[in-house]
Amino acid sequence: MAALGALRSCWAPARLLTGSAHHSNRLVLCQQTSIKRHFSNNKILVELDEATGVAVMKMKNPPVNSLSLDFLTEFSITLEKLEMDRGCRGLILTSASPKIFSAGLDIMEMCGKSAEHYGEFWRAVQEMWLKLYGSNMVTIAAINGSSPAGGCLMALCCDYRIMADNPKYAIGLNETQLGIVAPFWFKDTMSNVVGNRVTEQALQLGQMFPAPEALKFGLVDQLVPEEKVQSTAASVMAQWLTVPDHARQITKSMMRKQTTDKLVNNREADIKNFVSFITRDSIQKSLQVYMERLRQRKQ
Ligand SMILES: CCCCCC/C=C\CC(=O)SCCNC(=O)CCNC(=O)[C@H](O)C(C)(C)COP(=O)(O)OP(=O)(O)OC[C@H]1O[C@@H](n2cnc3c(N)ncnc32)[C@H](O)[C@@H]1OP(=O)(O)O
C-alpha cells in the first residue's frame, strides 16, 4: 500500500505531572510523575497515559475530519500500535476540533477515480472497521460534534458513546440521502446498538438524529454539556476498566464475532460490490449533485 509509506509517526515520552507536599516541620518532596506517551502523525494525535492505561485519540483532518484513504491508513496503523501495547487498555476516540466529530467517508475518494483506487479505498474502510469494532480495548466515543455516515459508524463501533448536548450536532447513517447504500456491516453495527426496527427506518430515510433524538433512540448512551464530554469519557472509562480485561474481552468478542466474521469471510466480494456500485454513472452523478448541494448550502 503506497499510503502506508506516507505514514509519519513518532514516539515522544514526556513527564507531565510533578507535585510537592509539605509535612509539618519538614519539606517532603514527592515526585508524583505520570508518564504520558505522545505518538502523533499528520492526522491523528494520541496521548497515552501510562498510569491509567488510557489513550486519547484525537482525529485531526481539517476541515471536517473526512475519512480519506490517507487518514484511514494512519488510523488503522495507530490503532494497531495501541492494540499491541500491553500498557494500553482503553481508547477514547474524539475530534481535535469541536463541532465536527467526523464528516464520514471522504466523498472525493469516491468521485472520478479509477476502479483500482476505489478498491484500495474500500479495503481501508473495511480495515478501520475490523480494527475498531474488533478491538480488545475498552473504546469510548467522545462525540464532540456532528457525525454523519462513516463518522457515525466509527462511534457505533465503540463500546460506549458520550455526545455533546447540543441539538445542532447530529449523528446517523445518512447514506441514502447521497443516493448510496450503507453496506451490510454498517447496517449490522447500527442494528446491534439500536435494534432492527429503528435501524430499518433510519437507514431507509438516511436519518440524521440531533443529539437529544440520538439519546432517545439509544444511538448514544449519554449527553453531557460540551465542556464535559472529555472528562465524562475519562470517568466512564475508569469504571469500565475496573472489570478484569480477560472476562470483558471474551464477552465483547462473543457479542461481536458473528458480525465481524460476516465481513472477514466476504471481504473480496464486498470490495467487488463496492467498486461495481460506485463506478456506475448514476451513482457518480448522485455524489456530484450532493457535493454541489453542500457547496451551495455554504454559500
Ligand atoms: C455499496 C457501498 C456503497 C457505499 C457506502 C458508503 C458508505 C458511507 C458513506 C459516507 O460516509 S459518505 C459521507 C457522508 N457524509 C456526509 O454526508 C457529510 C456531508 N457534510 C456535511 O454535512 C457538513 O459538511 C458537515 C460535516 C456537517 C460540516 O458542516 P460545516 O458547515 O461545518 O462545513 P461545510 O462547509 O459543509 O464543509 C467544509 C468543507 O468540507 C467538505 N466536506 C464536507 N463533508 C465532506 C465529506 N464527507 N467528504 C469530503 N468533503 C467533505 C465540504 O464540501 C466543504 O468543502 P469546501 O466547499 O470548503 O471545498
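## Overview

Of the protein's 299 residues, 37% count as buried, a residue being buried if 20 or more other C-beta atoms, placed from the backbone, lie within 10 Å of its own. The model is predicted: local features need pLDDT of at least 70, side-chain atom pairs count only at pLDDT 80 or more, and totals for chains, interfaces and linings use all residues. Residues are numbered from 1 along each chain as its sequence is written.

The secondary structure comprises eleven helices and 14 strands; these are DSSP runs numbered from the N terminus, with helices (H or I) of at least four residues and strands (E) of at least two. Among contacts between residues at least 6 apart in sequence, 72% join residues at least 24 apart, where contact requires C-beta atoms, placed from the backbone, within 7 Å.

## Helix H2

Helix H2 covers residues 69-84, and its 16 residues should span 22 Å at 1.5 Å a residue, which agrees with the 23 Å between its end C-alpha atoms. The expected span is 1.5 Å times one less than the number of residues. The buried residues of H2 include Leu-69, Phe-71, Leu-72, Phe-75, Leu-79 and Leu-82.

## Helices H3 and H10

Helix H3 (residues 115-133) packs against helix H10 (residues 267-278) at an angle of about 130 degrees, with the axes 9 Å apart. Axes are lines fitted to C-alpha atoms, for helices over the stretch in contact, and angles run from 0 to 180 degrees between N-to-C directions. H3 and H10 are therefore oblique to each other; angles under 35 degrees count as roughly parallel, over 145 as roughly antiparallel, 65 to 115 as roughly perpendicular and the rest as oblique.

Among the residues that meet are Tyr-118, Trp-122 and Arg-123 in H3, and Asp-270, Phe-274 and Ile-278 in H10. The residues of this contact of H3 with H10 divide into seven nonpolar, two polar and three charged. Here Ala, Val, Leu, Ile, Met, Phe, Trp, Tyr, Cys and Pro count as nonpolar, Asp, Glu, Lys and Arg as charged, and the others, Gly among them, as polar.

## Tyr-118

Tyr-118 lies in helix H3 and counts as buried, with 20 C-beta neighbours inside 10 Å. Leaving aside neighbours within four places in sequence, Tyr-118 is in contact with Met-110, Lys-113, Phe-274, Val-275, Ile-278 and Thr-279.

## Helices H5 and H9

Helix H5 (residues 184-194) and helix H9 (residues 245-264) pack at about 175 degrees, their axes 10 Å apart. H5 and H9 are therefore roughly antiparallel to each other.

How values were computed: A residue is buried if 20 or more other C-beta atoms lie within 10 Å of its own, exposed if 12 or fewer, and partly exposed in between; C-beta atoms are placed from the backbone. Two residues are in contact if their C-beta atoms, placed from the backbone, lie within 7 Å.
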